[in-house]
Amino acid sequence: MSESLGSFARFAPAERLVHRLVGLLMGVCLVTAAILYNGSIMMAVGHRHLVETIHVWSGLALPVPMVAGALSAAYRADVRRLNRFTPADWRWLRSRTRRDGTIAVGKFNAGQKINAWLVAGSTGVLLGTGAVMYWTGLVRLSWRSGATFVHDWFALGLGLLVIGHIVYAIRDPEARRGMRTGRVARHWARAEHGAWAEEMDG
Amino acid sequence: MGADPDGAPVGRRVVLGLLGLGALGVVTGSRIQGGLSELLAPVQLRDPTGFTSLVPLGNTWRYYSVTGSVAPRDATSYALKVSGLVDRPATYRLADLEAMPQLSFTDDFHCVTGWHVPDVPWTGVRLAGLLDAAAPTAEAVGVRFHSFDGTYSVNMTLDQARADDVIIALRMYGDPVTHNHGGPVRIYSGSMYGYKSTKWLSEIEVTPNNDPGYWEDRGYPLDGFIGE
């Protein structure tokens, strides 16, 4: 039991399930997006209608786990934490030494908060513009052109956010363990999320 | 901001801001893209690195294929059949098509999903001429274009196919139509969306009907006129 004594519960099973589903759907969306967008890949893979169908339905499904997570109280509590920016968050963002632990960080740091909402907002924009491009009778041509423009740039931005997210995860095995098992080591929580560790210690 | 002990609801503001930005982009994006395109076109036409094709800067081409990889055809292997409800079926080699009177004009390429490439120089043989030579019978109503990708086909009515801006395109930008653009021979129809401009053209079949084609079976309008 020594391990659980030295660890904190970080993510509830419902949150980990949402993360897994969103990750899977996001991955499918991004891979099919690359095929649909890039001419060389498209010509090698072909089968545009199949790839397009997979892309569209994964995209439509993507917000479902994000929203369904709200059935879990733990998910709702974490969404609330992510939503709120304290003065310490602003200081953390401006600080050059933000990683040294001087500014006590809550359960999520300001970067994680911003990333979460950029991903959520971009998903919404991609959903709306994607629908306009797919159901071509919805709006007039110049708006479809605008939707294609917006969809392209937001997809590029979201792809970069996801790559950044994965790079941070690769560099931090304990953060990955948190999402895999739901628990993180106490010493990691103290170093990375000091204010949250204090909260957990009571 | 400091009044709320839990902090400001920045997450909600970020989402609403992005949604607003997205909506603004949908309405104005066409003009922004046009401006970017004019600025960047000289760079993109001469970009040796290919970088500009990776990012959505300006109005760039997107290459579509509905099957697996398509085996390229050249002057020796290429043939175009004119068949169906005609008095004089014919088969043309690439050299036969090149020897015919050529029509050149500059016109935009529009995809129904919204992307477009402005001011593309096209050269080819007017389809109306080939149809006249084949002499459609009294029962003829439509034209079916078949692709040598083995899957794609699409229709036009006989009247639509005879329009001035419907050509059997042999050249784009002054050079032979490349394989990725549907060469050596493709259809180009200036007034219609791209899905009417069959790539890798192998057969023009005159038909007693105007049945939906590949993308029309998947939801696109039967009359693919731009702006409708």
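**Notes on the two-chain model**

1. Strands E8(B) and E9(B), the latter covering residues 175-176, pair antiparallel through 2 bridges. Across that pairing, B:Met172 has B:Asp175 in E9(B) as its bridge partner. The turn leaves 2 residues between the strands, and B:Tyr173 adopts a positive phi near 55 degrees in this hairpin. Bear in mind as you look around that this is a predicted model.

2. With E5(B) it runs antiparallel, joined by 5 bridges, and B:Met172 of E8(B) sits opposite B:Trp122. With E10(B) the pairing is again antiparallel, this time over 4 bridges.

3. Is E8(B) mostly covered or mostly open? Mostly covered: 6 of its 7 residues count as buried. In general, nonpolar side chains of soluble globular proteins tend to be buried together. On to the core, then.

4. The largest nonpolar core has 43 residues, and the members touching the most others are B:Ile167, B:Ile168, B:Ala169, B:Val185 and B:Leu201. Elements of chain B that supply two or more residues to this core include strands E2 (79-84), E5 (116-126), E8 (166-172) and E11 (201-207), along with helix H3 (127-134). E8(B) contributes the most, at 6 residues.

5. Setting aside neighbours within four places in sequence, B:Ile167 has contacts with B:Leu103, B:Trp122, B:Gly124, B:Val125, B:Arg126, B:Leu127 and B:Tyr188. A separate core, apart from the largest one, holds 29 residues; A:Leu62, A:Trp92, A:Trp153 and B:Val15 are among them.

6. Now for where the chains meet. On the chain B side, 44 residues are in contact with 45 residues of chain A. Strand E1 (8-9) and helix H1 (10-45) of chain B each provide at least two residues of that side. H1(B) gives the most, with 16 residues. Sorted by class, the chain B side comes to 21 nonpolar, 19 polar and 4 charged residues.

7. Which strands pair across the two chains here? Strand E2 of chain A (residues 84-85) and E1(B) do, running antiparallel with 2 bridges between them. If you want to find the spot, A:Arg84 has B:Pro9 of E1(B) as its bridge partner.

8. A word on the overall form of chain B. Its C-alpha trace spans about 85 × 40 × 30 Å along the principal axes. The radius of gyration is 22 Å, while a compact globule of 228 residues would come in near 17 Å. Chain B contains 4 helices and 11 strands, and 38% of its 228 residues count as buried. Among its contacts with a separation of 6 or more, 61% are between residues 24 or more positions apart.

9. Last, chain A. Here the secondary structure is 12 helices and 3 strands. Its C-alpha trace spans about 60 × 35 × 35 Å along the principal axes. Of the 202 residues in chain A, 30% count as buried. For contacts in chain A between residues at least 6 apart in sequence, 66% link residues at least 24 apart.

Technical notes
Residues are numbered from 1 along each chain as its sequence is written. Chains are lettered from A and ligands numbered from 1 in the order in which they are written. This is a predicted model: local features need pLDDT of at least 70, side-chain atom pairs count only at pLDDT 80 or more; totals for chains, interfaces and linings use all residues. Two residues are in contact if their C-beta atoms, placed from the backbone, lie within 7 Å. Ala, Val, Leu, Ile, Met, Phe, Trp, Tyr, Cys and Pro count as nonpolar, Asp, Glu, Lys and Arg as charged, and the others, Gly among them, as polar. Two strands pair if DSSP finds at least two bridges between them. A nonpolar core is a set of buried Ala, Val, Leu, Ile, Met, Phe, Trp, Tyr and Cys residues joined through C-beta atoms within 7 Å. A residue is buried if 20 or more other C-beta atoms lie within 10 Å of its own, exposed if 12 or fewer, and partly exposed in between; C-beta atoms are placed from the backbone. The radius of gyration is taken over C-alpha atoms; the globule rule is 2.2 Å times the number of residues to the power 0.38.
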